[in-house]
Structures are given as C-alpha cells and as structure tokens.
Amino acid sequence: MTILSMILAQVASAAPAAATESLWDLTLAGGWLMIPLALLLVVSIYIFFERVFAINRVGKYDKGFMQQIRDYIHAGRVDEAQKLCEDTNSPYARMISKGVARIGRPMNDVLVAVENVGNMEVANMEKGFSWLATTAAGAPMIGFLGTVTGMVQAFMALAKAGNSANVTILSQGIYEALVTTVAGLIVGIIALFAYNYLTSRVSKVMNKLERSTMEFMDLLNEPAK
C-alpha cells in the first residue's frame with residue numbers, strides 16, 4: 001500500500017470524528033501561524049465596521065445646502081455662507097468653506113483650493129484601507145507558509161520514524177498544513193471583499209464631492225439676481 005492510499009484510508013476512517021471537532025480544536029491544530037491570521041481577521045473586521053459607520057456619517061448629503069449657499073452668495077452675504085459651512089459638519093461643507101474663503105481670487109485658485117480639501121477628505125475616508133489590502137494579499141501567503149511548514153514537519157517525522165512510519169506520524173503535519181491554508185484563504189477573502197466594498201462606498205462619496213465642486217464653481221459664474 002502506498003503512502004497516498006494510506007492517507008486516504010485514514011482520512012476516510014477519521015471523517016466522522018473530524019466532523020465533530022469544534023472550531024477551537026481546528027484552530028489549535030493549525031499551529032502558531034493561526035495567531036497572526038486571527039489578529040489579521042480581528043483587525044480587518046474592526047476596520048471594516050469602523051469605516052462603514054464613518055463613511056455613512058460623512059457621506060450624508062443635504063440637498064438644500066447648496067441652495068442656501070447660492071442664496072447667500074447671490075445676496076452678497078459671504079460671512080453667512082461661511083458660517084453655514086462651519087455649522088454643517090460634512091466633507092461637502094468643508095470643501096465649500098474653503099471655496100467661499102477664496103471668493104475674489106482667480107477661479108483656478110478657488111478650484112485648486114476646493115479640490116485640495118476634497119483630496120484630504122477622501123484620504124481621511126480611506127484610513128485603514130492599506131491594512132485591508134495588505135491582509136487580502138498577505139493572509140493567503142501566511143496560510144501557504146503554514147502549508148509548507150506543516151509538510152516539512154510531516155516528512156521530517158516520517159524520516160525519523162524510518163521503517164515504523166505510518167499515517168499517524170504524517171497526520172499532524174498534514175493537518176496543520178491544510179488548516180492554515182484554509183484559514184489564510186478565509187481571512188484573505190474576507191479582507192478582499194471588505195476592501196472592495198469600502199472602496200465602492202468611497203467612490204460614491206467622491207462622485208458627490210465632485211458634483212458639489214462643479215455646482216460651487218458654476219455658482220460663482222452665475223449672475224447675481
């Protein structure tokens with residue numbers, strides 16, 4: 001009987017027992033590499049929910065805000081427009097506030113000032129994204145590292161056993177190899193989906209910021225009523 005057939009036979013006979021193992025037992029079977037994977041998972045989940053709430057909070061858009069700004073500017077009440085921006089705590093208001101403060105300067109200077117604030121707001125929304133991207137790429141690699149170390153342990157044990165080698169000697173190393181691979185892929189997939197979802201949410205807010213910028217620049221070119 002070959003080693004492969006021995007392993008398959010052992011897996012088949014152990015299937016009912018393996019099915020009853022808890023998640024904690026599987027985690028322990030994965031060895032020490034499960035610790036960094038667990039940390040990556042916990043931090044990624046925290047970043048995801050923290051960013052979701054943060055983006056939802058800053059992404060709210062008041063449709064009447066720009067109309068009020070338009071009325072104030074057309075009436076020459078620039079100070080009141082500035083105060084409205086300060087009272088409205090949102091990325092849109094902070095962008096327009098910078099533009100209102102630049103009224104009277106060349107239009108290109110106003111546009112650059114508004115866009116710079118918009119870029120900073122987007123950067124604030126993207127805090128933690130690099131961690132998710134790194135986890136999405138790094139977690140599977142850690143899992144594959146566990147695969148290699150597990151197989152090394154298995155064959156080292158097999159070599160030491162000599163003629164008394166059996167599938168039980170191989171099982172621990174192979175178990176660690178498979179568990180860490182699965183764990184690494186799961187953590188990487190979760191981080192990847194979280195990253196893509198948050199990126200799509202930020203893109204929607206960016207579109208609204210760009211629209212607000214264009215509305216404000218058009219407003220400055222409108223004739224006073």
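1. Helices H5 and H6. These two helices pack with their axes 8 Å apart, at an angle of about 155°. Axes here are lines fitted to C-alpha atoms, for helices over the stretch in contact, and angles run from 0 to 180 degrees between N-to-C directions. H5 and H6 are therefore roughly antiparallel (angles under 35 degrees count as roughly parallel, over 145 as roughly antiparallel, 65 to 115 as roughly perpendicular and the rest as oblique). Their crossing is left-handed, a term used if the near helix is turned anticlockwise from the far one by less than a right angle; clockwise is right-handed. H5 contributes Val 78, Ala 81, Gln 82 and Cys 85 to the contact, and H6 contributes Ala 93, Ile 96, Ser 97, Val 100 and Ala 101. Contact means heavy atoms within 4.5 Å.

2. Basis of the model. The model is predicted: local features need pLDDT of at least 70, side-chain atom pairs count only at pLDDT 80 or more, and totals for chains, interfaces and linings use all residues. Residues are numbered from 1 along each chain as its sequence is written, and side-chain values use heavy atoms, with hydrogens and water left out.

3. Overall make-up. The chain has nine helices and zero strands. Both are DSSP runs numbered from the N terminus: helices are H or I, at least four residues, and strands are E, at least two. Of the 225 residues, 35% are buried (buried means under 20% relative accessible area, exposed over 50%, partly exposed in between, with a 1.4 Å probe and protein chains only). Take the contacts between residues at least 6 apart in sequence: 79% of them join residues at least 24 apart.

4. Main core. The largest nonpolar core holds 33 residues, and Phe 65, Ile 69, Ile 96 and Phe 216 have the most contacts inside it. Such a core is a set of buried Ala, Val, Leu, Ile, Met, Phe, Trp, Tyr and Cys residues joined through side-chain atoms within 4.5 Å. Elements giving two or more residues to this core are H3 (34–58), H4 (63–74), H5 (78–87), H6 (91–101), H7 (107–125), H8 (129–161) and H9 (167–221). H9 supplies the largest share, eight residues.

5. Phe 65. Neighbours within four places in sequence aside, Phe 65 contacts Leu 84, Cys 85, Thr 88, Tyr 92, Ala 93 and Ile 96.

6. Aromatic pairs. There are three. Rings of Phe, Tyr and Trp (its six-membered ring) pair if their centres lie within 6.5 Å; planes under 30 degrees apart count as stacked, over 60 as edge-to-face and the rest as tilted. Phe 48 and Phe 49 are edge-to-face, with ring centres 5.2 Å apart and planes at 75°. Phe 49 is partly exposed, at 44% relative accessible area. Ring pairs link Phe 48, Phe 49 and Tyr 197 into a cluster.

7. Phe 129 and Tyr 195. This aromatic pair is also edge-to-face, 6.0 Å centre to centre with 70° between the planes. Phe 129 lies in H8 and Tyr 195 in H9, so the pair ties together parts 66 residues apart in sequence. Phe 129 is buried at 6% relative accessibility; Tyr 195 is partly exposed at 28%.

8. Around Phe 129. Not counting residues up to four places away in sequence, Phe 129 touches Arg 51, Ile 55, Tyr 195, Leu 198, Thr 199 and Val 202. Phe 129 and Phe 48 are 81 residues apart in sequence, but 8.8 Å apart in space, C-alpha to C-alpha.
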